[in-house]
Protein chains: 2
Amino acid sequence: MQNQSPLDNISIVLVETRTPANIGSIARCMMNMGLNRLVLVNPLKPPDENTFRLAAGADEIINRAVVATSLSEAVADRNLVIGASRHTGKRRTNIRNPREMAGDIVSLLFQNRAAIVFGNEVNGLDNEALALCHELVAIPSSGAFPSLNLAHAVMIIAYELFSASLEKHSSSTRELARSEELENYYHHLQETLKTIEFLDRDHPERIMISLRQLFSRARLDSREIRILRGALTAIKAKCNK
Amino acid sequence: MQNQSPLDNISIVLVETRTPANIGSIARCMMNMGLNRLVLVNPLKPPDENTFRLAAGADEIINRAVVATSLSEAVADRNLVIGASRHTGKRRTNIRNPREMAGDIVSLLFQNRAAIVFGNEVNGLDNEALALCHELVAIPSSGAFPSLNLAHAVMIIAYELFSASLEKHSSSTRELARSEELENYYHHLQETLKTIEFLDRDHPERIMISLRQLFSRARLDSREIRILRGALTAIKAKCNK
């Protein structure tokens, strides 16, 4: 039996990848860096001979890859969902570089499961996918030529995670809430804020994005979500009197 | 005129590269990471259509690449020659990981020229080439599957050099709320939670400690506090109706 590595609790999630060769190249990167869980969300084409040629021996990663039909399904059991972003949008504040991200999450992996999510080669992650991410990681690159090959981006993230796993960490014992619990809380929060007329019924997005970002940084656990939802329930009870 | 970057004093030297596609992929990595000097020592084949396809727009790196007939010619004007090694041999003591190497040489680049030398896809650098290197850099990888694609190896080194060149500017620009703003928010929160009868009027401490801890982890800024207090005000307005 192999020793359990914290890296076993990371999945690399590729959303709507267009090029089968990239999937192979990514499998090689992952195996080089001790990662082994690959999830493909609606790949444009299934793995083919180019996939295995570029994998250069990392076939087992491809053969064991899980195929999912939606990102929410792919990350449902994950406590931490981190999206790879190509650029820092104005509203995006929960964004870190790969080194900060890796150093931070590796210590959480003894108790938690994480997903790193990559969009397709052309468009990256769309807003619906970004909304499911608790935080973002952006690879620093030249402003004059910022667009990385998808496999190169995965390699840098994988390298930082592997490097961080080689350093000794004081493992955190705090178990974070799962993605599904968090999404249910955000839904409850949004409904309550509409009830008290704090959110515009038609355009709640901007405020909700800010609230999601601040609660993502807090890394909520299940008990905290129960407290927060308890407060929401109390608001409703009181306001309906 | 562009600003001079210390990275302009780095050349990436590829010795006897076999696959033209890899040269293109490496040109893309270099341009992503602000490197621009590529030297090809006896490439097996000249750049072809696959080179430019994989370069994805980094054509100028390929068009300006210098072709040399020996490694000693390629590195003659360099003050620092660093070889990329695939493994740590017993006799190799001048060997560092990419982060240590990059942090160290970037500060030297204002006064010095450096070359990072990569061997071919199959054999790496031979002993004659290694003898020309002042020191070695080895990328950490899984013992079970250690062999990186050549372009992936160049990407990791280029990423570390670029990151090291940014280091002075990497501090976060987000300004956090002051203690007084935070305490006023907690006071407002506690009063509101009493109003809605979520907190026991006599013993609010336990829940408030949990809430303080989670908001502390979020590292709130002033704008976020305005949003959160706006929601509290809305609760009060609604509940008093």
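Buried area is the accessible area (1.4 Å probe) that two parts lose on being put together, summed over both. Keep that in mind for the first stop. The model is predicted, so local features need pLDDT of at least 70 and side-chain atom pairs count only at pLDDT 80 or more, while totals for chains, interfaces and linings use all residues. Residues are numbered from 1 along each chain as its sequence is written, chains are lettered from A in the order in which they are written, and side-chain values use heavy atoms, with hydrogens and water left out.

**Stop 1: the interface**

Color chain A and chain B separately. Together they bury about 4,900 Å², with 63% of it on carbon and sulfur atoms. Now select A:Phe145, A:His152 and A:Tyr159. These supply 14% of the area that chain A buries against chain B, more than any other three residues.

**Stop 2: polar links across it**

Look for polar contacts: pairs of N or O atoms within 3.5 Å, where within protein one must be able to donate a hydrogen and the other to accept it, and residues adjacent in sequence count only if both atoms are side-chain atoms. The interface has 27 residue pairs of this kind, both residues at pLDDT 80 or more.

**Stop 3: salt bridges**

A salt bridge puts a side-chain nitrogen of Lys or Arg within 4 Å of a carboxyl oxygen of Asp or Glu. The count over all chains is 26, and six salt bridges lie across the interface. Zoom in on A:Arg99 and B:Glu160, paired at 2.6 Å, N to O. This pair runs from helix H5 of chain A to helix H7 (residues 150-166) of chain B. Then go to A:Arg217 and B:Glu224, at 2.7 Å, N to O.

**Stop 4: the largest cavity**

A cavity is a set of points on a 1 Å grid over the protein atoms alone where a 1.4 Å probe fits but cannot get out; lining residues have an atom within 4 Å of a point. Select A:Leu189, A:Leu228, A:Leu232, B:Leu189 and B:Leu232. Of the 23 lining residues, these lie nearest the centre of the largest cavity. Its volume, the space filled by probe spheres set on the points, is about 320 Å³. H8, H9 and H10 of both chain A and chain B each supply at least two lining residues. The lining has 22 nonpolar residues, one polar and no charged.

Terms used: On a 1 Å grid over the protein atoms alone, a cavity is a set of points where a 1.4 Å probe fits but cannot get out, and a pocket is an open set with protein on both sides within 12 Å along at least five of seven lines; lining residues have an atom within 4 Å of a point. Helices (H or I, at least four residues) and strands (E, at least two) are DSSP runs, numbered from the N terminus. Ala, Val, Leu, Ile, Met, Phe, Trp, Tyr, Cys and Pro count as nonpolar, Asp, Glu, Lys and Arg as charged, and the others, Gly among them, as polar.
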